[in-house]
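This briefing goes through one structure by topic, for a reader who has the coordinates open. Please read the points alongside the display below.

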Amino acid sequence: MHRVVALIRPPQSTFELACAAEVFGIERPGLPTRYTFTVCTERPGPVATYAGYDMLVTDGLDALDRADTVIVAGWLPTEEPPSSAVVRALRQAHSRGARVVSICSGAFALAHAGLLDGRRATTHWRLADKLAVRFPHIQVDPDVLYVDHGDVATSAGAGAGIDLCMHLVRGDQGAHYAAHIARTMVMPPHREGGQLQYSAPPHPVQIDGTLAPLLEWISGRIGATVTIESMAAHAGLSTRTLARRFADQLGTSPGQWLLAQRIATARDLLESSDLPVDAVARRVGLSSATNLRRRFLNTLGTTPGAYRRAFRTKPR
């Protein structure tokens, strides 16, 4: 029996904990039970949650001494480092061979314990820059849903905790066992793509006003042939000056900004319309389904078809 112990702290985010509990802590008819699941905290007793109620946790940090997998189910606020006792318990669990896993902001606790030094790791896309700045020895990947090194694993934003837990089950028990769990949870056993497809696309309202008229002009011509030269001509600038303005104000090139708008528009059409992928590609100025697929893979790590399956809504 594989022993999974979730380490929580007040105030605890209940969803991250539920991700782990749903995968590892539920007995399912027709499936052999191969995991036990318990929860521990530094100071046993009532633990406040962000959901407005307290949880009664009776196990302390010594529960980590008996764990085969330790899961840090979020760590908020991220500005508050774990105590020396928590750091020591995480390090000891790892050194004796336990697998140490973080969900979402839990990567900050693993980082404070030094378990991510020199390694690739991920966290929620909104927290990725903060993790990278605070812990420069970590190779932070803001795109992927999870990173698994075998002994240490990290997941992206909260829902990606389920993806990581399902990945761990597949590795422990095989694809058939994991697929059975996925069916009972009414979810795919594996999600395609990375977490950039879930981040909010940029909008011109967030941009310095000096380029706003040009950006509005470009946005109205997403499906047309727009070149760097035509942008510069409309703005009354040389192409070199235009590139410098984009770099100064937007941190990118005119071509990359235009591509990002085309991808954002394609995302909206894939979510809200029944247009074939080839028609979506032409409407956003990317000429063909093949070109759109290549751009989607490079930008979002998934295909237009997979994106539509994940985000399709009723036509507006």
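This is a predicted model: local features need pLDDT of at least 70, side-chain atom pairs count only at pLDDT 80 or more; totals for chains, interfaces and linings use all residues.

A residue is called buried under 20% relative accessible area and exposed over 50%, with partly exposed in between. By that scale Arg-282, at 48% relative accessibility, counts as partly exposed.

**Salt bridges**

- The structure holds nine salt bridges, among them the pair formed by Asp-278 and Arg-282, whose closest N and O atoms are 2.1 Å apart.
- Asp-278 and Arg-282 are four residues apart in helix 11 (residues 277–283), and are therefore separated by about one helical turn; Asp-278 is partly exposed at 32% relative accessibility, and Arg-282 is partly exposed at 48%.
- Asp-172 forms a salt bridge with Arg-99, with 2.9 Å between the closest N and O atoms, and this pair links distant parts of the chain, since Asp-172 lies in helix 5 (residues 160–173) and Arg-99 lies in strand 6, 73 residues apart.
- Within that pair, Arg-99 counts as buried at 11% relative accessibility, whereas Asp-172, at 31%, counts as partly exposed.
- Glu-42 and Arg-43 also meet through their side chains in a salt bridge, at 3.8 Å from N to O; Glu-42 is partly exposed, with a relative accessible area of 28%, while Arg-43 counts as exposed at 63%.

**Helix 2**

- Helix 2 (residues 84–95) has 12 residues, and the 16 Å that it reaches from its first C-alpha to its last is close to the 16 Å expected at 1.5 Å a residue.
- The buried residues of helix 2 are Val-86, Val-87, Ala-89, Leu-90 and Ala-93; seen down the helix axis they fall within an arc of 165 degrees, so they line one face of the helix.
- An α-helix has 3.6 residues a turn, so residues three or four places apart point the same way.
- The exposed residues Ser-84 and Ser-95 are carried on the face of helix 2 that is turned away from its buried side.
- The cover over the buried residues of helix 2 includes strand 1 (2–8), strand 5 (69–73), strand 6 (99–103) and helix 3 (107–112).

**Nonpolar cores**

- The largest nonpolar core has 35 residues, and those with the most contacts inside it are Phe-24, Met-166 and Val-169.
- Elements giving two or more residues to this core include strand 1, helix 1 (14–24), strand 2 (35–41) and helix 6 (175–184), while its largest share, seven residues, comes from helix 5.
- Leaving aside neighbours within four places in sequence, Phe-24 is in contact with Val-4, Tyr-35, Phe-37, Ile-71, Cys-165, Leu-168 and Val-169.
- A second, separate core of 33 residues includes Trp-75, Ala-121, Ala-128 and Val-152.

**Met-55**

- Beyond its neighbours within four places in sequence, Met-55 is in contact with Ile-8, Gln-12, Leu-17, Gly-45, Pro-46, Val-47 and Thr-49.
- Met-55 and Ser-13 are 42 residues apart in sequence, and their C-alpha atoms are 11 Å apart in space.

Conventions: Residues are numbered from 1 along each chain as its sequence is written. Side-chain values use heavy atoms; hydrogens and water are left out. The expected span of a helix is 1.5 Å times one less than its number of residues. Buried means under 20% relative accessible area, exposed over 50%, partly exposed in between (1.4 Å probe, protein chains only). The arc is that of the directions from the helix axis to the C-beta atoms. Contact means heavy atoms within 4.5 Å. A salt bridge is a side-chain nitrogen of Lys or Arg within 4 Å of a carboxyl oxygen of Asp or Glu. A nonpolar core is a set of buried Ala, Val, Leu, Ile, Met, Phe, Trp, Tyr and Cys residues joined through side-chain atoms within 4.5 Å.
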